[in-house]
Amino acid sequence: MAACDEDLLLCNIGRCRARLGGCAWVTSCSHIFCDEDGSREFHKAMKCPACGTILAGKFDIIRIDISPTEEYKAMVLAGLRPDVIMEICSRALAFWTYQIHQERLYQDYMLGKAQNRISHIEKHFEQQLETRTTEVSALKREVGNLRRELEQSRRRCGEVTERLMDRNRQQQKLQAQFDSLRRRTSTLNPRRDRGQGSPRAHCYLGNFDHPFGSTERLLRPFSPIPYSSHQVPADNQDFVLNPVVPGCPSNHAQNINHFFPKF
Ligand SMILES: [Zn+2]
Ligand SMILES: [Zn+2]
C-alpha cells in the first residue's frame with residue numbers, strides 16, 4: 001500500500017526539510033535525514049547533525065528504505081517472537097510519533113514567528129496609516145486656508161477693480177469737464193489761442209493737463225489782477241486776464257515771475 005505524502009517524514013536538517021522518499025538515514029537519537037544530507041554529514045563525523053549526539057554504536061546509524069519491497073517486508077521480522085515483533089513495531093511507531101510531534105512543535109514555532117511578524121507589520125502599517133492620516137488632515141486644513149485666502153484675494157481684486165472703474169469714470173468726467181472748459185475759454189477769448197506758444201499760455205494750459213489734480217483747481221474761476229502798463233511785457237500788450245495758477249511747476253512760476261514781476 002502506497003503511503004500518502006502527509007505520512008512521509010521530513011529531513012531534520014533545518015535548511016533542507018525535504019519530504020523523505022527512497023533511502024534515508026535514521027539515528028538512535030530519533031532523528032532522520034535525507035540520503036544526500038545523511039551521506040554527507042556522516043561521512044564527515046559520526047555525530048547527529050540535528051542534536052549533536054555522538055553515534056558510535058554499530059546500530060546508532062542505519063540507512064533504510066522508506067518504501068521497502070514486498071520481499072523485504074515479508075522477511076525482515078520473520079522468525080521473531082511476537083513480543084519481539086511487537087517491541088520492534090512499538091519502537092518504530094514511537095520514532096514516527098516523535099518525529100510528528102517535533103514537526104508539530106516546529107510548525108507551532110514558525111506559526112508564532114509568523115504571527116509576531118504579522119503583528120509587527122500591522123503595527124508598523126497602523127503607525128504609517130496614522131501618520132499619513134495626520135498629514136492628510138494637515139494638508140486639508142492648509143487647502144482650506146489657501147481657499148479662504150483665495151476668496152479674500154478675489155474679493156480684494158473685485159474691490160480694487162471697482163475702485164479702478166470709479167477712477168476711470170471720474171477721469172472721463174474730469175476730461176469732459178476739461179474739454180468743455182477749454183472750449184468755453186477758447187470761445188470767450190479767442191486771442192488766447194493765438195498766445196499758445198508763449199510761456200504764459202503754456203503755464204495756463206499746464207494746469208489742465210493733469211485731470212487727476214484737484215477739481216477745484218479746474219473749476220476755480222479766473223480773477224483779473226490789476227496791472228499797470230509798465231508791468232506788461234512788450235510782446236504781450238494784448239494780455240487782459242491773469243488766471244490763477246496754483247500748483248504751477250516752478251519753471252512755469254519763473255516764467256510767470258518773468259512776465260509778471262512782483263512789486
Ligand atoms: Zn536533507
Ligand atoms: Zn540526533
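The legends below describe close-up views of a predicted model.

Residues are numbered from 1 along each chain as its sequence is written, and chains are lettered from A and ligands numbered from 1 in the order in which they are written. In this predicted model local features need pLDDT of at least 70, side-chain atom pairs count only at pLDDT 80 or more, and totals for chains, interfaces and linings use all residues; side-chain values use heavy atoms, with hydrogens and water left out.

**View 1. The chain and its secondary structure.**
The chain has 7 helices and 3 strands. Helices (H or I, at least four residues) and strands (E, at least two) are DSSP runs, numbered from the N terminus. In sequence order, the pattern is β-β-α-β-α-α-α-α-α-α. The chain has 263 residues, of which 20% count as buried. Buried means under 20% relative accessible area, exposed means over 50%, and partly exposed lies in between (1.4 Å probe, protein chains only).

**View 2. The site of the zinc ion (ligand 1).**
Which residues coordinate the zinc ion (ligand 1)? The donors are C11 (SG), C16 (SG), C34 (SG) and D37 (OD), at 1.9 to 2.3 Å. Donors are N, O and S atoms within 2.8 Å of the metal (3.2 Å for Na, K and Ca); water is not among the atoms, so sites may look incomplete. Along the sequence, the donor residues of this ion follow the spacing C-x4-C-x17-C-x2-D. C11 sits in the segment before β1 and C34 in strand β2 (residues 32-34), so this pair, 23 residues apart, links distant parts of the chain. C11 has 1% relative accessibility and therefore counts as buried. C34, at 11% relative accessibility, also counts as buried. The 4 donor atoms of the zinc ion (ligand 1) make angles of 98 to 118°, and the site is tetrahedral. Four donors count as tetrahedral if all angles lie between 85 and 135 degrees; four count as square planar and six as octahedral if opposite donors are over 155 degrees apart and all others between 65 and 115; anything else is irregular.

**View 3. The site of the zinc ion (ligand 2).**
C29 (SG), H31 (ND1), C48 (SG) and C51 (SG) coordinate the zinc ion (ligand 2), at 2.1 to 2.2 Å. The spacing of these donor residues in sequence is C-x1-H-x16-C-x2-C. Why is the arrangement around the zinc ion (ligand 2) tetrahedral? The arrangement is tetrahedral because the 4 donor atoms subtend angles of 105 to 114°. Ideal angles at a metal are 109.5 degrees for four tetrahedral donors. C48 is buried, with a relative accessible area of 2%, whereas C51 counts as partly exposed at 39% relative accessibility.

**View 4. Two residues with positive phi.**
R17 lies in the segment before β1. Phi of R17 is near 50°, a positive value in a residue other than glycine. R17 has a relative accessible area of 23%, so R17 is partly exposed. S30 is found in the loop between β1 and β2. Phi of S30 is near 70°, again positive in a residue other than glycine. The relative accessible area of S30 is 22%, which means that S30 is partly exposed.

**View 5. The largest pocket.**
The volume of the largest pocket is about 1800 Å³. On a 1 Å grid over the protein atoms alone, a cavity is a set of points where a 1.4 Å probe fits but cannot get out, and a pocket is an open set with protein on both sides within 12 Å along at least five of seven lines; lining residues have an atom within 4 Å of a point. Grid points are joined across faces, edges and corners, and a volume is the space filled by probe spheres set on the points. The largest pocket has 38 lining residues, and I64, D65, I66, P68 and A92 lie nearest its centre. Two or more lining residues come from each of β1 (23-27), β3 (61-65), α2 (70-76) and α3 (82-188), and α3 gives the most, with 9 residues. By class, the lining of the largest pocket has 24 nonpolar, 6 polar and 8 charged residues. Ala, Val, Leu, Ile, Met, Phe, Trp, Tyr, Cys and Pro count as nonpolar, Asp, Glu, Lys and Arg as charged, and the others, Gly among them, as polar. The largest pocket lies between domain 1 (1-76) and domain 2 (80-160), because both give residues to its lining. Domain bounds come from an automatic or database domain assignment. D65 is in strand β3 and counts as partly exposed at 38% relative accessibility. D65 and C23 are 42 residues apart in sequence, and 4.4 Å apart in space, C-alpha to C-alpha.

**View 6. The second largest pocket.**
The second largest pocket has a volume of about 370 Å³. Its lining has 19 residues, and N12, R17, Q102, E103 and Y106 are the closest to its centre. The lining of the second largest pocket divides into 10 nonpolar, 5 polar and 4 charged residues. Domain 1 (1-76) and domain 2 (80-160) each give at least three residues to this lining.
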